[in-house]
Amino acid sequence: MRFVVDFIGALREAGLPVSPAESLDALKAIKLLGLEHRETCKSVLALTLVKRQVDQTVYDELFDLYFATIRKAEKTKEADNDESPENALKAQSGQTDTSDNKDNTQSQGPSEADKSDAQQVNSSSTLGQALSQNKDMSLAITEAAAAENLSSIVLFTQKNYFAYKIMQRLGDAALSAEIRTIGNSLERKSSLERKNSLEREGSLEREGSLEREGSLERENNLERKNSLEQKRTQRKLIKSRASLLNQVKDYVEQQYLIYAQHKGLKYREEYLQQAKLSQLDRLDFKLMQSLVQRAARKLASQHSRRRLTRKRGQLDVRKTIAANAAFDGALFHTRWKATRVERPKIIAICDVSGSVSAVARFLLLFLYSLQDVMPKVRSFVFASDMVEVTALFKQEDIELALEEIMQRWGGLSTNYATALEGLQSQALASIDNKTTVIMLGDARNNQGDGRADIWEKVFRNSKRVLWLNPEHRNSWDTGDSIMSEYAPWCGSVEPCRNLKDIERFFSRLLKHS
Amino acid sequence: MFIPECQIVVIIKHQEKIASPEIIQSRYEDLGYICSHSVATAIYLACHLQKPILIEGPPGVGKTELAKVTATYLNAPLIRMQCYEGLDESKALYEWKYGKQLLYTQVLKEQLGDVLRGARGLDESIARLHDFGDIFYSQDFLEPRPLLQALQSQEGAVLLIDEIDKADQEFEAFLLELLSDYQVSIPELGTIKAVSTPIVMLTSNNTRELGDALKRRCLHLYIPFPDAALENRILATQVEGLDTQLREQIVALIGKLRDMPLKKSPAVSETIDWARALLLLNVEELDPHWVKETLNLLLKFQDDIELVEPEIKALLKDLR
């Protein structure tokens, strides 16, 4: 059961909205059908936890990742059912256990070290013992990881840190110390041997005492055998430690994939929402687009119901009386006139010159993602000439269309006069009192005449004029910006610098339209 | 939420039928509905957890059919409610029988004299009027609509709420009480609880995103287009007398069509129609001529037909 709960946690991290009620359902369902069959289990959890189709791929990915680990852990649990808790306990107590050991070896003189060496063939540290018996460590690793709170991993740079921490918890300190002591004692011995052999040579030359040589030889043999065994132990310990480290690293990597991948994305998204649109990196465009679409979807669902209620008009008296004739004239059913809903129109005009193009891209994307709830939209882009791009959006995929627009018209220098003249000839006639005009531009006109008189006409003909400026309020009217010329002929002028601004703007727009 | 055991009439009666997903899967097959394991699991869970199922998927993959088969399988009446924009509770849940209520007031008027005879003063009259049974708003004048019928059904029922995405958001909210507690509130009468818990299935074609509250209360089953093997079996059971080789060809071709960028991909129901047509026309092997002639059975948009027609030969070549 704990696995399922953990899995739900991972799903939440990945952005799936799993409520407690749904978790309970999942647990109940798993209780009914068990975890044995992978396929059943997968469909059971999908049925109870995944409620949006967009989440399906994330779910599949996570399920495969997650249940691969669980499979392993389950197996070992079954294999050494009563051993495992003991094992884990040992692993955890390993650290304290061996610190005593270390003290011992340090306080012991060189002569006593030899004595303890004999035991060390079986390895003194608990971790070493476990490893030399070839125990499967995956459960211990899982438990150590849980104790170290591995699921809180966020960045890939933390991977080594967590691997280290888990190794420590498994009792690595003792193991390394052991390896070191063996190494030390071996060194000591070899130096002793060298000294001995030197001595022997000297003594042979000088005295040639047979008796003494025989005892020395025996001693040496014993010592050599001893050190050989130690060497073997050391080699084995080093090897198994390396493989354990690998295992831990693999595990951390896997957990990182499960938990952190999506978390990192979340951080990035939060950052992007606040980031200035004009300074976005091209690499982030993709992510940004999905963010825009998500925000648009949210707004769309919030506002979709408003339209429905508006459809009902006034009481239709004639029809009501006719419908209620059967009830002796008592008015039970009411009949309503349907109001003819005149779809309000929106004309979006976007400056796509170098300074504003990045913001324009996302504004247009947002606008078109809102099409479910947004009335008919005509869109124009301009740098110096006004071009209608409504048809382009219809023909092509929104992203492709945006790309094309930016390539064809983006990056040119701005001329508001010619642009507004273009607007006058192309669209002024169709602007009426149901039209909302949204203008996105920085009003930087390269010192030319702004033709604010056309903008005044637009203002007088339309229902509303909204101007979004991608610059901060403080920089309006500085340099070649002529915001103040247009400002009197706008319903409102607002800065529009990041995604949050765009979202807020559209939310208000939908409320009023 | 606790549901007393006695309410689960449908389930107790057919306990052996829903003992495991595998049994459901094989029995449905006997009824001519070939389903994948996850569909069977969903039905199993719906019965045992007492949860509604929200079925999504492209049109024509057998969402509505699943409800029908379930009803047949469990010997329960199928109560179907088709959703549409403007559906409200008077059409979905209950309506008062206005005509009869009017007649009742007429009758009451005549009786009023007898009831109030001898009463002294206004207070006593009103007191007597209160004692008089008030049945104006009572079960007698209640006209149950599908949802209420499902709740009142003694035997339990399979309630199919078809194309919930077509209904308004308000209606969705109105369903929540029914879906989670199997009860509805009628202002004049109070809360009406289910006699026996119905099995509720909702279908959606995803024309709009459903609310999270609704989704949370349901098991969510997504039925995709079937894979080749499954579709082959479906055809085998649905269209009798179809040559095995031809059947495989049909399934392969349909699979290919689904990979093409069509406005509407051919669904299972269209595959079945097409196979039946080919059988009727005594076609023994798919050849470009017959495919071209019958393409309009598979593709419902002229654009799609125009897109596929030039490709027919190439498509058929790949099959062999």
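Biologist: In this predicted model, how many bridges join β3(A) to strand β6 (residues 435-440) of chain A, and do the two run parallel or antiparallel?

Modeller: Pairing is read from the bridges between two strands, and here 6 bridges join β3(A) to β6(A), the two strands running parallel. Within that pairing, A:Ile349 stands opposite A:Met439 of β6(A).

Biologist: Which residue is the bridge partner of A:Ile349 in β4(A)?

Modeller: A:Phe380 is that partner, and β3(A) pairs with strand β4 (residues 377-382) of chain A in the parallel sense as well, over 6 bridges. Strand β3 (residues 345-351) of chain A is also mostly covered, with 6 of its 7 residues buried.

Biologist: At what angle do helices α14 and α16 of chain A pack?

Modeller: Helix α14 (residues 357-369) and helix α16 (residues 398-409) of chain A meet at about 150°, their axes lying 11 Å apart. Because angles over 145 degrees count as roughly antiparallel, α14(A) is described as roughly antiparallel to α16(A). The crossing of α14(A) past α16(A) is right-handed.

Biologist: Which residues make that contact?

Modeller: From α14(A) come A:Ser357, A:Arg361, A:Leu364, A:Leu365 and A:Tyr368, while α16(A) contributes A:Ile398, A:Leu402 and A:Met406. By class, the residues of this contact divide into 6 nonpolar, 1 polar and 1 charged.

Biologist: Turning to the two chains, how many residues does each bring to the contact?

Modeller: Chain A brings 26 residues and chain B brings 23 residues. On the side of chain A that touches chain B, α2 (20-33), α3 (38-49) and α12 (285-309) each supply at least two residues, and that side comprises 12 nonpolar, 7 polar and 7 charged residues.

Conventions: Residues numbered from 1 in each chain as written. Chains lettered and ligands numbered in written order. Predicted model: local features only at pLDDT ≥ 70, side-chain atom pairs only at ≥ 80, totals over all residues. Contact = placed C-beta atoms within 7 Å. Helix = DSSP H or I, 4+ residues; strand = E, 2+ residues; numbered from the N terminus. Nonpolar A, V, L, I, M, F, W, Y, C, P; charged D, E, K, R; others polar. Axes fitted to C-alpha atoms, helices over the stretch in contact; angles between N-to-C directions. Parallel < 35°, antiparallel > 145°, perpendicular 65-115°, else oblique. Left-handed = near helix turned anticlockwise from the far one by under 90°. Buried ≥ 20, exposed ≤ 12 C-beta atoms within 10 Å, placed from the backbone. Pairing = 2+ DSSP bridges.
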